[in-house]
Amino acid sequence: MKKLILITSCVALFAVASYAQDTTKTKPSQQQSDQIRKDNMKGWTQVQSTEVPANLRTTLSGTQYSGWEMGTIYKNESGEYRLNTTSGTSGAAGTNGKTYYFDKNGKATTKPNGSGTNPH
């Protein structure tokens, strides 16, 4: 009988310990992720879809940008544009979105700082 109680107590203790969560481990990574996003957005100003120039609208009419109206358009000081998609065929909501860059003439380009390529 003592063995049964001891085994049951050990199982219960193990179950409680396995469900315990340390939330301090997830907070710094979330803060780091938020900081990276803020750093990537320095110098960019959001543009309403009605303010998108005609030459960029022509480029965005391509099938790979389908649903771009559901994304967010930004413009930097150099007149370059950035499209962050969050839904539609370009990607599901959240982390599956994509980012596209365009020059001031509305043509698809690499990142303005030259550190990456367009993901399409």
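This is a predicted model: local features need pLDDT of at least 70, side-chain atom pairs count only at pLDDT 80 or more; totals for chains, interfaces and linings use all residues.

Student: In which element does Val47 itself lie?

Tutor: Val47 belongs to strand 1. Strand 1 and strand 2 run antiparallel and are joined by 4 bridges.

Student: Is Val47 buried or exposed?

Tutor: One compares the relative accessibility with a cut-off: a residue under 20% is called buried. Val47 has 10% relative accessibility and therefore counts as buried.

Student: Which residues does Val47 touch, apart from those up to four places away in sequence?

Tutor: Val47 touches Val52, Ile73, Tyr74 and Lys75. Val47 and Arg82 are 35 residues apart in sequence, and their C-alpha atoms are 9.7 Å apart. For the chain, 40% of the contacts with a separation of 6 or more are between residues 24 or more positions apart.

Student: How many helices and strands does the chain have, and how do the elements run from the N terminus on?

Tutor: There are 3 helices and 5 strands. From the N terminus on, the elements run α-α-β-α-β-β-β-β.

Student: What is the order of the strands in the sheet?

Tutor: The 5 strands form an open sheet in the order 1-2-3-4-5, with antiparallel pairing. Strand 1 (44-47) and strand 5 (108-109) stand at the edges with a single partner strand each, so one side of each has no neighbour in the sheet.

Student: How many bridges pair strand 2 with strand 3?

Tutor: Strand 2, residues 72-76, and strand 3, residues 81-84, pair in the antiparallel sense over 4 bridges. Within this pair, Lys75 stands opposite Tyr81, and Tyr74 has Arg82 as its bridge partner. On to the next pair: strand 3 and strand 4 also run antiparallel, joined by 4 bridges.

Student: Which way do the residues of strand 3 point?

Tutor: The general idea is that side chains in a regular strand alternate between the two faces of the sheet. In strand 3, Tyr81 and Leu83 point one way, while Arg82 and Asn84 point the other way. All four are buried.

Student: What lies between strand 2 and strand 3?

Tutor: The two strands form a hairpin with 4 residues between them, and Gly79 there takes a positive phi near 85°. Gly79 is found in the loop between strand 2 and strand 3. At 12% relative accessibility, Gly79 counts as buried. Leaving aside neighbours within four places in sequence, Gly79 is in contact with Asp103 and Lys104. The C-alpha atoms of Gly79 and Trp44 are separated by 9.8 Å, although these residues are 35 residues apart along the chain.

Student: Which residues make up the largest nonpolar core?

Tutor: A core of this kind is read as a set of buried nonpolar residues joined through their side chains. The largest one has 11 residues: Val47, Val52, Leu56, Leu60, Tyr65, Trp68, Ile73, Tyr81, Leu83, Tyr100 and Phe102. Helix 3 (54-60), strand 3 and strand 4 (99-102) are the elements that give two or more residues to this core.

Student: How much of the chain counts as buried, and what does the surface show?

Tutor: Of the 120 residues, 20% count as buried. The chain exposes about 8,700 Å², and carbon and sulfur atoms supply 55% of that area. On the surface, Met1, Leu4 and Ile5 form a nonpolar patch, with about 380 Å² of accessible area together. Of these, Ile5 has its place in helix 1, residues 2-19.

Methods. Residues are numbered from 1 along each chain as its sequence is written. Side-chain values use heavy atoms; hydrogens and water are left out. Buried means under 20% relative accessible area, exposed over 50%, partly exposed in between (1.4 Å probe, protein chains only). Contact means heavy atoms within 4.5 Å. Accessible areas come from the Shrake-Rupley method with a 1.4 Å probe; for residues, only the protein chains shown count as cover. Two strands pair if DSSP finds at least two bridges between them. A nonpolar core is a set of buried Ala, Val, Leu, Ile, Met, Phe, Trp, Tyr and Cys residues joined through side-chain atoms within 4.5 Å. Patches are made of residues with over 30% relative accessible area and no salt bridge: like charges are joined within 9 Å, nonpolar side chains (Val, Leu, Ile, Met, Phe, Trp, Tyr) within 5 Å. A salt bridge is a side-chain nitrogen of Lys or Arg within 4 Å of a carboxyl oxygen of Asp or Glu.
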